[in-house]
Amino acid sequence: MATKKRKVDSECRAFNDEWTWKYFFTVVKDKPVCLICNEAVAVFKEYNISRHFTSKHKNSNYEAMSEYERKQNVESFCKKLSGRQNLFKKGNTIQEAATHASYIVAYIIAKNNKALSDGEFVKQCVLQVCDVLCPDKKNNFQTVSLSRKTMTSRNQAIDKNLTSSTETSV
């Protein structure tokens with residue numbers, strides 16, 4: 001008779017906060033991640049985390065530090081990690097805002113029965129205004145795609161969304 005293989009990841013293991021200063025680990029997207037080298041360990045087990053710390057960082061200064069020094073370093077590493085994560089979040093929000101803005105322009109152009117190539121003209125106007133009012137934000141405005149091809153795909157997406165919403169309401 002074949003025995004069932006045990007699935008370790010389904011054992012509901014939890015991250016122990018003590019491991020943060022003890023082994024320089026934290027949780028990122030439900031994975032234990034080393035704050036020193038940014039490597040992830042597969043399972044929330046103290047053995048796995050301590051093995052990573054002793055094998056990868058054995059000859060480092062971290063092993064000889066006092067508890068207080070470790071906690072200070074962990075705080076510093078956590079700030080750096082959150083700074084790197086916020087950098088990506090900020091980039092995403094700027095790009096999302098640029099995409100949203102291009103949908104707004106596409107909608108206004110279509111609503112007023114203008115040519116789809118007018119998006120490029122609108123972008124030129126916006127960039128000129130931006131040079132006068134807020135030159136520090138010009139890069140954000142340049143990321144807004146208003147080409148004829150983009151305007152076409154945006155209008156098709158808006159049309160598809162409106163068509164599907166009217167079909168569901170009928």
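This is a predicted model: local features need pLDDT of at least 70, side-chain atom pairs count only at pLDDT 80 or more; totals for chains, interfaces and linings use all residues.

How far apart in helix α1 are E18 and K22, in residues and in helical turns?

Mentor: E18 and K22 are four residues apart in helix α1, which spans residues 18-23, and they are therefore separated by about one helical turn. Residues are numbered from 1 along each chain as its sequence is written, and side-chain values use heavy atoms, with hydrogens and water left out.

The chain has six helices and two strands; here helices (H or I, at least four residues) and strands (E, at least two) are DSSP runs numbered from the N terminus. Read from that end, the order of the elements is α-β-β-α-α-α-α-α.

The two residues of your question are joined by a salt bridge, and the closest N and O atoms of E18 and K22 are 3.5 Å apart. The term denotes a side-chain nitrogen of Lys or Arg within 4 Å of a carboxyl oxygen of Asp or Glu. In general, side chains of opposite charge can pair when their charged atoms come close. E18 has a relative accessibility of 35% and counts as partly exposed; K22 is likewise partly exposed, at 27%. The cut-offs are under 20% relative accessible area for buried, over 50% for exposed, and partly exposed in between (1.4 Å probe, protein chains only).

K22 has a further partner. E46 forms a salt bridge with K22, with 3.6 Å between the closest N and O atoms. Because E46 lies in helix α2 (residues 46-56) and K22 in helix α1, this pair ties together parts that are 24 residues apart in sequence. E46 is partly exposed, with a relative accessibility of 32%.

The structure holds four salt bridges. Another of them joins K138 to D131, whose closest N and O atoms are 3.0 Å apart. K138 is partly exposed at 23% relative accessibility, and D131 is partly exposed at 34%.

Next to consider are the aromatic residues. Y23, F24, F53 and F77 form one aromatic cluster. Rings of Phe, Tyr and Trp (its six-membered ring) pair if their centres lie within 6.5 Å; planes under 30 degrees apart count as stacked, over 60 as edge-to-face and the rest as tilted. By this rule the count comes to three aromatic pairs. One of them, between F24 and F53, is stacked, with 5.9 Å from centre to centre and 20° between the planes. F24 lies in the loop between α1 and β1 and F53 in helix α2, so this pair ties together parts that are 29 residues apart in sequence. F24 is buried, with a relative accessible area of 0%, and F53 also counts as buried, at 2%.

The two strands come next. Strand β1 (residues 25-28) and strand β2 (residues 31-34) run antiparallel and are joined by four bridges; two strands pair if DSSP finds at least two bridges between them. V27 has P32 in β2 as its bridge partner. The hairpin of β1 and β2 has two residues between the strands, and K29 takes a positive phi near 50° there.

C34 counts as buried, at 0% relative accessibility. A disulfide is a pair of cysteine sulfur atoms within 2.5 Å, and by this rule the count comes to zero. For C34, the closest cysteine sulfur is that of C37, and the distance of 3.7 Å is too far for a bond. C130 is in no disulfide either, with the nearest cysteine sulfur, that of C134, 3.7 Å away. C130 counts as buried, at 1% relative accessibility.

For the chain as a whole, buried residues make up 24% of the 170 residues.
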